[in-house]
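The following note goes through one model point by point. Please keep the sequence and the structure in view while reading.

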Amino acid sequence: MVVQGYGQVPVRLSEGLDVRLDQPVAAITRAKAEDGSATTGAKTTDENIHIECHDGTVYDCSAAIVTVPLGVLKNRQIRFTPPLPEWKEKAIQHLGFGLLNKLVLVFEKPFWDTTVGLFGYVGSGEEGSFAKGYDLKAYRSSRGKFYMFWNCIVVSGLPVLGKQLPLHTIVT
Ligand SMILES: Cc1cc2nc3c(=O)[nH]c(=O)nc-3n(C[C@H](O)[C@H](O)[C@H](O)COP(=O)(O)OP(=O)(O)OC[C@H]3O[C@@H](n4cnc5c(N)ncnc54)[C@H](O)[C@@H]3O)c2cc1C
């Protein structure tokens with residue numbers, strides 16, 4: 001748990017950097033001049049990365065690191081030229097993601113050991129429990145049974161337990 005949130009990390013790391021926000025990228029082109037030299041931008045490399053944003057802004061650079069979310073790649077919202085290699089495109093389409101709910105329970109006073117960071121229920125050995133090891137198939141059939149609670153007293157100052165739940169888990 002990071003007091004006051006993870007946002008502090010990029011804010012601190014980006015100090016002194018020229019960060020441009022609100023410029024969604026539409027296309028990334030790796031260009032090469034006929035003589036092998038740079039077409040635009042950096043002259044020290046024989047490859048050029050040409051980046052076009054939706055607002056018409058263009059950046060030419062020698063390298064680009066793309067860290068957009070998987071969904072953006074799945075929907076092909078950025079046009080790559082040349083296209084991404086087939087193996088990478090396949091991996092993008094095969095990978096999945098899901099939704100988690102965050103549950104915050106506030107108590108009048110703590111009933112748990114407040115010196116631990118987290119505690120959980122491992123199961124008693126029935127099919128799908130973590131007592132049998134980390135078996136993904138078994139985990140799927142018993143989703144939500146693995147109760148891991150975060151002791152949030154340290155960060156919130158209140159008797160609070162935090163928990164993440166798969167979307168379909170019903171809490172009563
Ligand atoms: C509600 C919520 C709670 C979470 N809680 C936790 C937690 O407690 N602990 C934890 O470890 N993780 C948590 N996560 C997950 C964590 O936030 C992500 O795993 C992490 O932020 C992923 O980082 P990333 O850099 O890969 O992607 P992101 O942080 O999603 O960054 C991708 C960036 O790409 C930008 N982008 C998208 N399309 C384009 C485009 N066309 N051109 C240019 N830029 C583009 C987006 O604007 C975004 O800034 C949480 C996520 C959510 C949504």
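1. Terms. Two strands are said to pair if DSSP finds at least two bridges between them. In general, strands of a sheet pair through backbone hydrogen bonds, either parallel or antiparallel.

2. The structure is a predicted model. The average pLDDT of the chain is 81, and 72% of the residues reach a score of at least 70. Residues 38-44 have a pLDDT below 50, although this stretch makes 16 contacts in the model beyond near neighbours in sequence. Where pLDDT is low, the predicted coordinates should not be read in detail.

3. Overall composition. The chain contains five helices and eight strands. Their order along the sequence is α-β-β-β-α-β-α-β-β-α-β-α-β. Of the 172 residues, 2% count as buried. Among contacts between residues at least 6 apart in sequence, 48% connect residues that are at least 24 apart.

4. The four-stranded sheet. In which order do the strands of the open sheet stand? The order is β3-β2-β1-β4, and the pairing is mixed. Strands β3 and β4 (79-81) lie at the edges with a single partner strand each, so one side of each has no neighbour in the sheet. From one strand to the next, the twist averages 10°.

5. Pairing of β1 with β2. Strand β1 covers residues 25-31 and strand β2 covers residues 48-53; the two pair in the antiparallel sense over six bridges. A31 is placed opposite N48 of β2.

6. Pairing of β2 with β3. Strand β3 (residues 58-61) runs antiparallel to β2, and four bridges join the two. Individual positions can be followed along this pair. I51 stands opposite Y59 in β3, and E52 has V58 of β3 as its bridge partner. The hairpin formed by β2 and β3 has four residues between the strands, and within the hairpin G56 takes a positive phi near 95°.

7. Residue A26. This residue belongs to strand β1. Neighbours within four places in sequence aside, A26 is in contact with E52, C53, H54, I78 and R79. The C-alpha atoms of A26 and F80 are separated by 9.0 Å, although these residues are 54 apart along the chain.

8. Residue C152. The loop between β7 (148-151) and α5 (153-156) holds C152. C152 counts as partly exposed because it has 19 C-beta neighbours inside 10 Å; the limit for a buried residue is 20 or more. Its C-alpha atom is separated by 9.7 Å from that of V106, a residue 46 places away along the chain.

9. Backbone exceptions. Most residues other than glycine have a negative phi, and most peptide bonds are trans. D22 has a positive phi, near 55°, and is not glycine. D22 lies in the loop between α1 (8-13) and β1, and D22 is exposed because 7 other C-beta atoms lie within 10 Å. R76, also a residue other than glycine, has a positive phi near 50°. The place of R76 is the loop between α2 (70-74) and β4, and R76 is partly exposed, since 13 other C-beta atoms lie within 10 Å. Finally, the peptide bond between T81 and P82 is cis, with omega about -5°. P82 is located in the loop between β4 and α3 (86-94).

10. Which residues are around the ligand? They are P24, V25, T67, V68, P69, V72, Q77 and I78. Sorted by class, this shell has six nonpolar and two polar residues, and no charged residues. I78, one of the residues around the ligand, is also among the contacts of A26.

Technical notes: Residues numbered from 1 in each chain as written. Predicted model: local features only at pLDDT ≥ 70, side-chain atom pairs only at ≥ 80, totals over all residues. Near = placed C-beta within 6 Å. Nonpolar A, V, L, I, M, F, W, Y, C, P; charged D, E, K, R; others polar. Buried ≥ 20, exposed ≤ 12 C-beta atoms within 10 Å, placed from the backbone. Contact = placed C-beta atoms within 7 Å. Axes fitted to C-alpha atoms, helices over the stretch in contact; angles between N-to-C directions. pLDDT = per-residue confidence, 0-100.
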